[in-house]
Structure formats: structure tokens, C-alpha cells
Amino acid sequence: MTIRDPIRLLSWCAAGMLAVQPFLVTNLGFQLTVGMTFFLLVTRQIWTGLIELSVFAQLFGLIVLWQVQPVLSVAAPIWNLVMAICISWIIMPLAFVTWMFPSIAPLFMVVLDAIHGMFTLHDDLRPWLPLHDLALPSQIALCLGLWGSLTLINRNRWIGWGAAIMTCGLIAGWSEWSESSRVTFLDVGQGDAIVVESGRTIGVIDVGGVFQDPNEQKRSTFDPGEDVLAPYLWKRGERSLDFVLLTHADHDHIGGLEGLLKVVTVEELWISKEVANAEKREELLHLAAAYDVSVHYLEADDRPTPWMWIVAPNRPHEDENGHSISLYMNVGGMRYLLTGDLPIEGEAELPTLDVDVFKLGHHGSNTSSGEELLERIDPEWVIASVGSNNRYGHPHEETLRRVVGKRLLRTDLNGMIVCEENMCRGIIE
């Protein structure tokens, strides 16, 4: 082995970078760069074609990417080759020439815009497969299966490729089949977004929304529907939803709807039959029509699924909070009561129910989650869906005093909250 051996050079480069900045070992970009380069160097004698190499490199990258990337593009092997050609034969030479002759910079920008447009087209077409998150045993099985497949490819290509495809298929299928029913309260800041998985039915209750001060010039590009809900659904192995239920039309409950509809197929939109703001109702209906989503109206005593019971509203109210859809559901053996932003006056009309998990009404405002309701339902777990340092001071101290003795979890402190198998836990990612 000489100093010009590429694997030794790669090792020295990686070691040098880690010596200067040890925390790079946890950086995804560093892991992929070193790992993929090592893979290409070690296996360079095996491959007979660029497409074959690119496809298996994409599968090999799943060892790192499966847990952090929500989707896999089926067009990625082709796009990777295109990008490699663009960088090696177009971008780098033009960048050098532009450095030598700055006057041609506009031409360089035109080329960069064209390449960017090509990848934007890919994102618009979305040739994606969701990557279900994996438990540790499945991660180990993936590593062993792909390394074994690589060994087999060197001896018999058909058997090796069959083993690689079977490994990925079995792991994806097992991850989906072994999942239990669960309810997830996502951290979308100051708003509500709840994912419900019960058997083969999956739906979302509220979609969050970002408050924008009209006096602020800088506009946030964060969209909880597209940036939080959709990636989480993909990591659960889902490409579509059976329903989206909107408890009421306040922006922190509906603002992420269009962002979600852009990237996830939704079968039905469930909204309250009662309406306080006709303008907001029309906006929702137009949005549903634009994305070809059926609309289903709910009222008290409806049972849209065998495990869900709508308990409010049962009469007209003057504002959207009073019209909040309140629902009782039994998912995975745990009983939930969700009341949207229903005020204390409306809570008096709710039935007395046995509840394991109660989400604080109106994000923990002192105008909701009254003592009378809490005594009647006596929940074991209490969830507060709130944004960190929010401008409303939610959850209010008065409300927190009411739930002393309960198991309280907050999205601002505990992150995403998952309830399954008779317990709830916070997951900060």
C-alpha cells in the first residue's frame, strides 16, 4: 500500500477533519461523503455500468439515510449521475473560467439556474417512496442484508440484486405490519396538529399554522403542513390520508392545510356543520375543491369511524372557538378527549366520559379546561400543544394548577408526543 492509495488518502483526510472538529462524526454530510466514497473505492472493481453502480449506491446510502430522510426518490440514481456530470464537467470548469474572466459571470448564473430548474422539476413531480422509520433490529438487518447482497453480486449478479431488493422490501413491509395504533401530537409551534393511526385508517386532526404580524416585513417560509406533517407521515410509511379533520377555522389550526395538500393526497376533509365565519368556510371549500378533496360535515353524535364519536358542537355559537369540534376516540386501547379551542362554557355541555388522555383546550388558556370538566373525565395524561415562548403565555398558570397530579406533557418542552401501548412519551428530534 502506498501513500497514493485512495483508501489511505480518504482515511487521512477524514482523520484530519475529525482531529480539528470531532463533532463532525455526527454530521450527516460528513458521514455520507466519507461512507459513500469508501463504498465506491472498495467496490469499484465489481461494477460494469454507471447505472448499476448508482442504483446500489443509493441502496447502500439507505443505511445512513433511512432514519433521517422521509422519502426515497426512485429517480435518484439517474439524478445522481446527472449531477455528478454537471459538477465535474460544467460547474467546476465554468467556476474556474469565471474566476479567471469575471465578465462571463452572467453566463455562469444562467447555467446554474438551468441546473436548479431541472432539480426543481424533479421535486414538483415527486417520484417518491416513503421510508418508514426503523427500530434498531430492523436497522441491523438492513446493514447485514445489504452487505450480504453486495457480496453475492460479486459472485452472481441476479442473486445479489434479488437479495438486495428482498432485504429492502421485507424490512419496509415488516416495519409497516408491526406498527401498533397510536396518536401523535406534533410540535408545530403555537398550534395543533395531531396524527391518528388506528388499524388501517390514518388521519390528521388540525394542521397547525404560523402567525404573521402584518407589520413585519420579513415573512416566514415555514409551513407546518408541508414542513412537519408531511415528512412525519412519510416517516410513518404513508403517502395519503383517509381524512383531515379541522376542529375550527382559526389559523393556528388550519394554516398548514394547503401546504399539506400540495404533497399528500387527502381523501376527505371533515369540518363542522356549524359555521361562525362564512368567509373562512368558503376559503376551505375552495381549497378542497382545488385539490379534489371530498368535504364531510360533522355534528354532535356523529360517528365518522367506529372508534370516534363527535361530542360537540350541537348548536350554533357566536365564534369559531365555540364551534370547535370536540371528539372522543378509542385508539389502541387508549381513550382520548380533544376539544379544540372550546371554552369552559361549552365544556359544560360535554358528556361525562372515561378518559386516559386529554389535550388541554385552547393550548392551555385559562378560558378552557375548567375544573368541572377535569373532575368529570379524570384523565391520566394531559397534553399541552403550545409554542415555545409564545406571545399568549400558554399554558396559563391557572390552567397548570388545575392539572396538578396529572401526567403533563408539553410540545414546547417535550417535543413530539406519542401515545401508544397505554403510555405517552415526548420525543425531541
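The following dialogue explains how to read several features of a predicted model.

Biologist: Which conventions apply to the model and its numbering?

Modeller: This is a predicted model, in which local features need pLDDT of at least 70, side-chain atom pairs count only at pLDDT 80 or more, and totals for chains, interfaces and linings use all residues. Residues are numbered from 1 along each chain as its sequence is written, and side-chain values use heavy atoms, with hydrogens and water left out.

Biologist: How many helices and strands does the protein chain have?

Modeller: Helices (H or I, at least four residues) and strands (E, at least two) are DSSP runs, numbered from the N terminus. The protein chain has 15 helices and 16 strands. Along the principal axes, its C-alpha atoms fill a box of roughly 80 × 55 × 45 Å. Buried means under 20% relative accessible area, exposed over 50%, and partly exposed in between, computed with a 1.4 Å probe on protein chains only; 46% of the 429 residues count as buried. Contact means heavy atoms within 4.5 Å. Among contacts between residues at least 6 apart in sequence, 63% join residues at least 24 apart.

Biologist: What is the strand order of the open sheet?

Modeller: Strands of a sheet pair through backbone hydrogen bonds, either parallel or antiparallel. Here two strands pair if DSSP finds at least two bridges between them. The open sheet of 8 strands has the order 8-7-6-5-4-3-15-16, with mixed pairing. Strand 8 (294-298) and strand 16 (423-427) stand at the edges with a single partner strand each, so one side of each is left without a neighbour in the sheet. From one strand to the next, the twist averages 20 degrees.

Biologist: How many bridges join strand 3 to strand 15?

Modeller: Strand 3 (residues 182-185) and strand 15 (residues 416-420) run antiparallel and are joined by 3 bridges. The bridge partner of Phe-185 in strand 15 is Ile-417.

Biologist: Which strands does helix 8 lie across, and which does helix 11 touch?

Modeller: Axes are lines fitted to C-alpha atoms, for helices over the stretch in contact, and angles run from 0 to 180 degrees between N-to-C directions. Helix 8 (residues 224-235) lies across strand 3, strand 4 (193-198), strand 5 (201-207), strand 6 (240-245) and strand 15, and runs at about 160 degrees to strand 5. Helix 11 (residues 278-290) packs on the sheet and touches strand 7 (265-272) and strand 8, its direction making about 160 degrees with that of strand 7.

Biologist: Is Gly-208 buried or exposed, and where does it lie?

Modeller: Gly-208 lies in the loop between strand 5 and helix 8. Gly-208 is buried, with a relative accessible area of 0%. Leaving aside neighbours within four places in sequence, its contacts include Val-188, Asp-192, Pro-224 and His-251. Gly-208 and Glu-197 are 11 residues apart in sequence and 18 Å apart in space, C-alpha to C-alpha.

Biologist: Where is the place of Thr-339?

Modeller: Thr-339 is in the loop between strand 11 (334-338) and helix 12 (344-347). Thr-339 is also buried, with a relative accessible area of 0%. Beyond neighbours within four places in sequence, Thr-339 is in contact with residues including Ser-324, Leu-350 and Phe-358.

Biologist: How many cavities of 30 Å³ or more are there?

Modeller: On a 1 Å grid over the protein atoms alone, a cavity is a set of points where a 1.4 Å probe fits but cannot get out, and a pocket is an open set with protein on both sides within 12 Å along at least five of seven lines; lining residues have an atom within 4 Å of a point. Grid points are joined across faces, edges and corners, and a volume is the space filled by probe spheres set on the points. The count comes to 2 cavities of 30 Å³ or more. The largest cavity has a volume of about 100 Å³. Of the 15 residues that line it, the closest to its centre are His-248, Ala-249, Arg-281, Leu-284 and Glu-320. Helix 11 gives the most to this lining, with 3 residues.

Biologist: Which helices contribute to the lining of the second largest pocket?

Modeller: The second largest pocket has a volume of about 590 Å³. Of the 17 residues that line this pocket, the closest to its centre are Met-36, Ser-54, Ala-57, Gln-58 and Asn-80. Helix 2 (28-42), helix 3 (50-65) and helix 4 (76-100) are the elements that give two or more residues to the lining, and the largest share, 7 residues, comes from helix 3.
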